[in-house]
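Hi,

Here is the two-chain structure I promised to pass on.

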Amino acid sequence: MTKLLEWLFGVSFVLVAWAVVSFDLLDLSLPQTYREVAWPMPLYLLVSFGCYSLATVGYRVATFNDCEEAAKELQEQIKEAKEDLRKKGLKM
Amino acid sequence: MASRKTSHPNRDNEDKYSVLLPTYNERENLPLIVWLLVKYFGESGYNYEIIVIDDGSPDGTLEIAEQLQKIYGEDKILLRPREKKLGLGTAYIHGIKHATGNFIFIMDADLSHHPKFIPEFIEKQKEGNYDLVSGTRYQGNGGVYGWDLRRKLIRLRFNFLLFSTVFPSLVRSRGANFLTQVLLRPGASDLTGSFRLYKKKVLESLVERCVSKGYVFQMEMIVRARQLNYTIGEVPISFVDRVYGESKLGGNEIVSFVKGLLTLFATT
């Protein structure tokens, strides 16, 4: 199963569950409060997922590791390498 | 480290590591990356070879490579040049054909990937007998030099309206990675990094299946690896961006990234 199918499957499952509760498709005679909560649920989920995404990306950007040491180390090793290679007879 | 230098604990090991270095105009960097590879492989005592696949660089990369071959020996430096630029996927296929190792390292020749991580890749691979080990900039001590936002902000007023200011490479990279994680759940934290260690057979079977070009290619490799139930290990790496402040992920690359992502989404 491709990721696309997995997603379609998951989304349609959620939509069916939502429709069943919101519109009482199966005549379960659920209390009115259930329907009131379920009805705007997809929008809530979408908005909270959006917030979660922004928060995650923002947090990861803010805490990203800037490797200054690695850059310094590399610069030093480049010098060392150039000297050593010249000794070994490399003509740049 | 000192004891490792003298004792060579891995000398008896029969594993051999072939490093594929596709190059195009890397005259400056090639000697340095080779020097570093020889240094770290030498210190850790693993059996290795370096395969330089030069795609007809006009700057004389091949000539430099020939000099390096004389210095380090024909058993360590193998030259497998091609006449013109033919793309990364075919460079790997070309390199694999000539590789005598049972493991293959893939890395960039531009010094953004440091060979000091090679022993860690090898240890990680042995630890779980992984089919592939992928370097990750997004976990543990991993990171990138050259993408720091605070330093970028100082430059902000100079190029305020440029796309790269509104969405600096770090934000784009993070955003792209998050989106991919959500859609594809690939089981690896760094999809577009290209510092990886593969079992030779695994790399062969993956390269055969991968159709993407450029930047999406690395992503497809790891997504297909997961699809084929290969095991993946991860090693944190630091990445020193060669062009400080400039991202290689421009507008066109974003379009090709989105296309690639959707293709993988629909086909894997």
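The side chain of B:Thr61 comes within reach of the backbone nitrogen of B:Glu26, at 3.1 Å. Before you zoom in on that, keep in mind that this is a predicted model. B:Thr61 belongs to helix α3 of chain B, which covers residues 61-72. Is B:Thr61 buried or exposed? Its relative accessible area is 0%, so B:Thr61 is buried. Leaving out residues up to four places away in sequence, B:Thr61 touches B:Thr23, B:Asn25, B:Glu26, B:Arg27, B:Leu30 and B:Asp54. B:Glu26 therefore turns up among the residues that B:Thr61 touches, as well as supplying the backbone nitrogen that the B:Thr61 side chain reaches, while B:Thr61 itself is buried at 0%.

Now for chain B as a whole. It has eleven helices and nine strands, and 57% of its 268 residues count as buried. Taking contacts in chain B between residues at least 6 apart in sequence, 80% join residues at least 24 apart.

Two elements of chain B are worth a click. Strand β8 (residues 232-236) has four of its five residues buried, so the rest of the structure largely encloses it. Strand β5 (residues 132-136) runs parallel to β8(B), and five bridges join the two. If you want one pair to start from, B:Gly135 has B:Val235 in β8(B) as its bridge partner.

The other one is helix α9 of chain B, residues 200-209, where B:Val202, B:Leu203, B:Ser205, B:Leu206 and B:Val207 are buried. What do the buried residues of α9(B) pack against? They pack against α4, β4 (103-106), β5, β7 (196-199) and α10 of chain B.

The largest pocket holds about 1,400 Å³ of space. Its lining counts 50 residues, and B:Leu88, B:Asp108, B:Ser194, B:Gly214 and B:Tyr215 are the ones nearest its centre. Elements giving two or more residues to that lining are β1 (16-23), α4 (88-98), α8 (169-184), α10 (214-227) and α11 (251-267), which belong to chain B. The largest share comes from α4(B), with six residues. By class, the lining of the largest pocket splits into 21 nonpolar, 16 polar and 13 charged residues.

There is also one cavity of 30 Å³ or more, and the volume of the largest cavity is about 40 Å³. Which residues line the largest cavity? They are A:Ala70, A:Leu74, B:Leu111, B:Ser112, B:His114, B:Lys116, B:Ser238 and B:Val240. Helix α4 (68-87) of chain A and strand β9 (238-240) of chain B are the elements that give two or more residues to this lining. Four of the lining residues are nonpolar, three are polar and one is charged.

A:Ala70 is a handy place to look at that spot from the chain A side. It is found in helix α4 of chain A, and its relative accessible area of 9% is under the 20% cut-off, so A:Ala70 counts as buried. Neighbours within four places in sequence aside, A:Ala70 is in contact with B:Lys116, B:Ser238 and B:Val240.

As for the rest of chain A, it has four helices and zero strands, giving the pattern α-α-α-α along the sequence. Of its 92 residues, 24% count as buried.

Finally, a couple of backbone angles to check. Most residues other than glycine have a negative phi. A:Asp24 is not a glycine, yet has a positive phi of about 50°. A:Asp24 lies in the loop between α1 (3-23) and α2 (32-38) of chain A, and counts as buried at 13% relative accessibility. In chain B, B:Arg185 has a positive phi near 40°, again in a residue other than glycine. B:Arg185 sits in the loop between α8 and β7 of chain B. With 46% relative accessibility, B:Arg185 counts as partly exposed.

Cheers

Key:
Residues are numbered from 1 along each chain as its sequence is written. Chains are lettered from A and ligands numbered from 1 in the order in which they are written. This is a predicted model: local features need pLDDT of at least 70, side-chain atom pairs count only at pLDDT 80 or more; totals for chains, interfaces and linings use all residues. Side-chain values use heavy atoms; hydrogens and water are left out. Buried means under 20% relative accessible area, exposed over 50%, partly exposed in between (1.4 Å probe, protein chains only). A polar contact is a pair of N or O atoms within 3.5 Å; within protein, one must be able to donate a hydrogen and the other to accept it, and residues adjacent in sequence count only if both atoms are side-chain atoms. Contact means heavy atoms within 4.5 Å. Two strands pair if DSSP finds at least two bridges between them. On a 1 Å grid over the protein atoms alone, a cavity is a set of points where a 1.4 Å probe fits but cannot get out, and a pocket is an open set with protein on both sides within 12 Å along at least five of seven lines; lining residues have an atom within 4 Å of a point. Grid points are joined across faces, edges and corners, and a volume is the space filled by probe spheres set on the points. Ala, Val, Leu, Ile, Met, Phe, Trp, Tyr, Cys and Pro count as nonpolar, Asp, Glu, Lys and Arg as charged, and the others, Gly among them, as polar.
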